Amino acid sequence: MYVTGAASLFRIHPMAHIPSDYREAYPAPGAAALMKQLSRFFAENGIILPHSAAASISTPMTRSDAEFIIDVFAGFLDSHQEMLDAIETSR
């Protein structure tokens, strides 16, 4: 997965390579399903992340807030490895 953005704005791309244009950034069906799972996983852990994974980071966050988000994302990656592997091999 790749993350692109500027300043506090970011987008998570569920693909094996960084998109070079908007057509490549549009997720395939398997990638779109993964992003729904990501949004659901984050919501279950108290973090709001839209299905498109285009979001922003709040500026008053503390280091522990950022570490929590990182830990939740790492937990998602660990628990959804099969879906990630399928996306990598489908490209």
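Trainee: How many of the five residues of β1 are buried?
Mentor: Keep in mind that this is a predicted model. Buried means under 20% relative accessible area. β1 lies largely in the open, because the number of its five residues that are buried is zero.

Trainee: In which order do the strands of the open sheet stand?
Mentor: Three strands make up the sheet, and their pairing is antiparallel. β1 (2-6) and β3 (54-56) each have a single partner strand, so one side of each is left without a neighbour in the sheet. These two stand at the edges. The order is β1-β2-β3.

Trainee: By what angle are neighbouring strands of this sheet turned against each other on average?
Mentor: Direction is ignored here.

Trainee: Over how many bridges do β1 and β2 pair?
Mentor: Strand β2 covers residues 9-13. Thr 4 stands opposite Arg 11 in β2, and Ala 6 stands opposite Leu 9 in β2. The two strands run in the antiparallel sense, and their bridges number five.

Trainee: Which residue in the turn between β1 and β2 has a positive phi?
Mentor: β1 and β2 form a hairpin with two residues between them. A phi of about 55° occurs in that turn. The residue is Ala 7.

Trainee: What is the bridge partner of Phe 10 in β3?
Mentor: β2 also pairs with β3 in the antiparallel sense, over three bridges. In β3, Phe 10 has as its bridge partner Ala 55.

Trainee: In what order do the elements of the chain run from the N terminus on?
Mentor: The chain has four helices and three strands. From the N terminus on, the run is β-β-α-α-β-α-α.

Trainee: What is the radius of gyration of the chain?
Mentor: For 91 residues the globule rule gives 12 Å. The chain comes close to that, so it is as compact as a globular protein of that length. Its C-alpha trace spans about 40 × 30 × 15 Å along the principal axes. The radius of gyration is 13 Å.

Trainee: What share of the contacts with a separation of 6 or more comes from residues 24 or more positions apart?
Mentor: Take burial first: buried residues make up 24% of the 91 residues. The chain exposes about 6,000 Å², and carbon and sulfur atoms supply 59% of that. For the contacts, residues 24 or more positions apart account for 54%.

Trainee: How are the rings of Phe 41 and Phe 76 paired?
Mentor: The structure holds two aromatic pairs. In this one the ring centres are 5.6 Å apart and the planes stand at 65°. Planes over 60 degrees apart count as edge-to-face. So the pair of Phe 41 and Phe 76 is edge-to-face.

Trainee: How many residues apart in sequence are the parts that Phe 41 and Phe 76 tie together?
Mentor: Both Phe 41 and Phe 76 are buried. Phe 41 lies in helix α2 (residues 29-44), and Phe 76 lies in helix α3 (residues 63-79). The pair therefore ties together parts whose separation, in residues, is 35.

Trainee: What is the angle between the planes of Phe 42 and Phe 73?
Mentor: Phe 42 is buried, with a relative accessible area of 5%. The pair is edge-to-face, 6.3 Å centre to centre. The angle between its planes is 75°.

Trainee: What separates the C-alpha atoms of Phe 73 and Met 61?
Mentor: Leaving aside neighbours within four places in sequence, Phe 73 is in contact with Met 1, Ile 12, Leu 38 and Phe 42. Met 61 is twelve residues from Phe 73 along the chain. Their C-alpha atoms are separated by 16 Å.

Trainee: Is His 80 buried or exposed?
Mentor: His 80 sits in the loop between α3 and α4 (81-90). Leaving aside neighbours within four places in sequence, His 80 is in contact with Leu 34, Gln 37 and Phe 41. Its relative accessible area is 14%. That is under the 20% cut-off, so His 80 is buried.

Conventions
Residues are numbered from 1 along each chain as its sequence is written. This is a predicted model: local features need pLDDT of at least 70, side-chain atom pairs count only at pLDDT 80 or more; totals for chains, interfaces and linings use all residues. Side-chain values use heavy atoms; hydrogens and water are left out. Two strands pair if DSSP finds at least two bridges between them. Axes are lines fitted to C-alpha atoms, for helices over the stretch in contact, and angles run from 0 to 180 degrees between N-to-C directions. Rings of Phe, Tyr and Trp (its six-membered ring) pair if their centres lie within 6.5 Å; planes under 30 degrees apart count as stacked, over 60 as edge-to-face and the rest as tilted. Buried means under 20% relative accessible area, exposed over 50%, partly exposed in between (1.4 Å probe, protein chains only). The radius of gyration is taken over C-alpha atoms; the globule rule is 2.2 Å times the number of residues to the power 0.38. Contact means heavy atoms within 4.5 Å. Accessible areas come from the Shrake-Rupley method with a 1.4 Å probe; for residues, only the protein chains shown count as cover.
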